[in-house]
Amino acid sequence: MKNTRRSLLPLPLLLTGLLASGVAAPPVAAARPAGAHPATASPAASRPAADDLRARLAAVPGMRVIKENPAPAGYRSFALVYRQPVDHRHPGRGSFEQRLSLLHRSTARPMVLYTNGYDLTYQDPAFRAEPTRIVDGNQISVEQRYFGTSRPRPTDWSKLDIRQAAGDHHRLIRALKKVYRAAWISTGGSKGGMATVYHRRFHPHDVAGSVAYSAPDNTDDRDDTAEDRFLRRVGSPACRSALTAVQRAMLGTRRAEMAGRLTRWAAGQGYTFRTMGSADRVLELAALQLPLHFWMQKDEAEDCGRIPRPSAAGDALYTWFEGVTRLPAYADRHLAPVTASYYQLGTQLGFVSLASPHLAGMLRYPGLQEMRTYVPRSIPLRFQPDAMPDIDRWVRRHGSELLFVYGENDPTRAEPFRTGRGSRDAHVYLAPRTNHLASIDKLAPRDRARATAALRRWAAVDSPPAS
């Protein structure tokens, strides 16, 4: 029932990009699977005597070296751009430069292709994804097309689809394999994890293996009952009841007060809600999706007891609700840089529209959870219902060398990727008592050992990382 579906931004971005590394406003939040990177060193400190790496990178056709950044000890870090065709089917019809971030360890080490699914503006250039740390490898982080500075001008939205983005990854890998000839691994979290799977579907032999974290598999955008069932069961009854009470307060007795606070905040910042329509519409949408926000970010043991009562003081109630749902991110200033994400959700990836019978009589805006709410009407949205079933069939029938990692309490696992009879060396793991920030490190010991062994096998490394 599409009836009555995904941030440091509105929920779509939390659901599809919370695992992006080091994000703030536009693309999403909190570093991908855990662990601090080593202490940084100046570029010169780790530079080999024979400094030909920069020249080798610059010699790759279409590649430009922008600058060298400080890097973790034992690495070099480069900001790069690589020229990509707007349309891989017709490469002569325009191009754009795709932003990249390279962490170089050694050309003899494996290379990890990492995408957070959004842009690189807020990603620490020294960030190492979990697979990079496990295999002690190099890492190339890719800004997705139409995000950040990787956007063609003029913008032809019809060229933003999962196959064109997969073509970007394929072409980049082919170019860099002339420098990095060891095994390649691909990885990403949430929306980045989804992009990792889509790339493998269209170019299955580009890499030796892939790790996708917290990646939903929404094969039927008309049916979101799996999410409804999940949210009725996750956590304790007391915690679910406390969230319901806040939802009802926000859309009932405290509605005018809370919408007024949001309106005054926006006016004070010079922000507007033209795309969403009004502060009241933002409040209703955020309240509808509060359970998704909460369970994706929070820990039951630590955070359920912190949910305020509906009668809490205005400052306390608003501050908690704003902190969980990221209300300011619905303002036009924050929505505009991530229009591409909502466009993808509204054309191919699909979204969650939660049934909310406990809010009957409190909802004013039918269809508010649809993607059109987030995307300016000047941009056409036409959903392609066959895109995700095609991906799902490939995983079940042909997917190989795949790791899927989910958190037990993460709503994205309500519709997970599953292996099938045709899957080979493909595995799905569940991290106990974990939210959207699932990782191999959070798996049960036996599963962690198996996942780590598979990753090292694909990368052709036999020993634990040196650092």
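**Exercise 1. Determine how helices α9 and α10 pack against each other.**

Solution. Step 1: Helix α9 covers residues 279–288; helices (H or I, at least four residues) and strands (E, at least two) are DSSP runs numbered from the N terminus. The model is predicted, local features need pLDDT of at least 70, side-chain atom pairs count only at pLDDT 80 or more, and totals for chains, interfaces and linings use all residues. Residues are numbered from 1 along each chain as its sequence is written, and side-chain values use heavy atoms, with hydrogens and water left out.

Step 1: Two packed helices are described by the angle between their axes and the distance between the axes. For α9 and α10 the angle is about 55 degrees, and the axes lie 4 Å apart. Axes are lines fitted to C-alpha atoms, for helices over the stretch in contact, and angles run from 0 to 180 degrees between N-to-C directions.

Step 2: The angle makes α9 oblique to α10. Angles under 35 degrees count as roughly parallel, over 145 as roughly antiparallel, 65 to 115 as roughly perpendicular and the rest as oblique.

Step 3: Ala 286, Ala 287 and Leu 288 of α9 meet Leu 290, Pro 291 and His 293 of α10, where contact means heavy atoms within 4.5 Å. This contact comprises five nonpolar residues, one polar and no charged. Ala, Val, Leu, Ile, Met, Phe, Trp, Tyr, Cys and Pro count as nonpolar, Asp, Glu, Lys and Arg as charged, and the others, Gly among them, as polar.

**Exercise 2. Describe the packing of α7 and α12.**

Solution. Step 1: Helix α12 spans residues 314–325, and α7 packs with it at an angle of about 110 degrees, their axes being 12 Å apart. The two helices are therefore roughly perpendicular to each other.

Step 1: From α7, Leu 243, Val 246 and Met 250 meet Leu 317, Trp 320 and Phe 321 from α12. By class, the contact holds six nonpolar, no polar and no charged residues.

**Exercise 3. State the strand order of the open sheet and identify the helices that pack on it.**

Solution. Step 1: The nine strands stand in the order β2-β4-β5-β7-β6-β8-β9-β10-β11, with mixed pairing. Two strands pair if DSSP finds at least two bridges between them.

Step 1: β2 (63–69) and β11 (424–431) are at the edges with a single partner strand each, so one side of each lacks a neighbour in the sheet. On average, neighbouring strands are turned by 20 degrees against each other, direction ignored.

Step 2: Strands β8 (residues 184–189) and β9 (residues 209–213) run parallel and are joined by five bridges. Gly 188 stands opposite Ala 212 in β9.

Step 3: Helix α4 (residues 162–176) lies across β2, β4, β5, β6, β7 and β8, and runs at about 120 degrees to β4. Helix α16 (residues 445–459) also packs on the sheet, where α16 touches β8, β9, β10 and β11. The direction of α16 makes about 140 degrees with that of β11.

**Exercise 4. Describe the largest pocket and the largest cavity.**

Solution. Step 1: On a 1 Å grid over the protein atoms alone, a cavity is a set of points where a 1.4 Å probe fits but cannot get out, and a pocket is an open set with protein on both sides within 12 Å along at least five of seven lines; lining residues have an atom within 4 Å of a point. Grid points are joined across faces, edges and corners, and a volume is the space filled by probe spheres set on the points.

Step 1: The largest pocket holds about 310 Å³ of space. Of its 16 lining residues, Asp 228, Leu 231, Arg 232, Ala 355 and His 358 are the closest to its centre. Helix α7 gives the most to this lining, with four residues. The lining divides into nine nonpolar, four polar and three charged residues.

Step 2: The largest cavity has a volume of about 80 Å³. Its lining residues include Gln 144, His 169 and Tyr 198. Helix α5 supplies the largest share of this lining, five residues. Seven residues of the lining are nonpolar, four polar and one charged.
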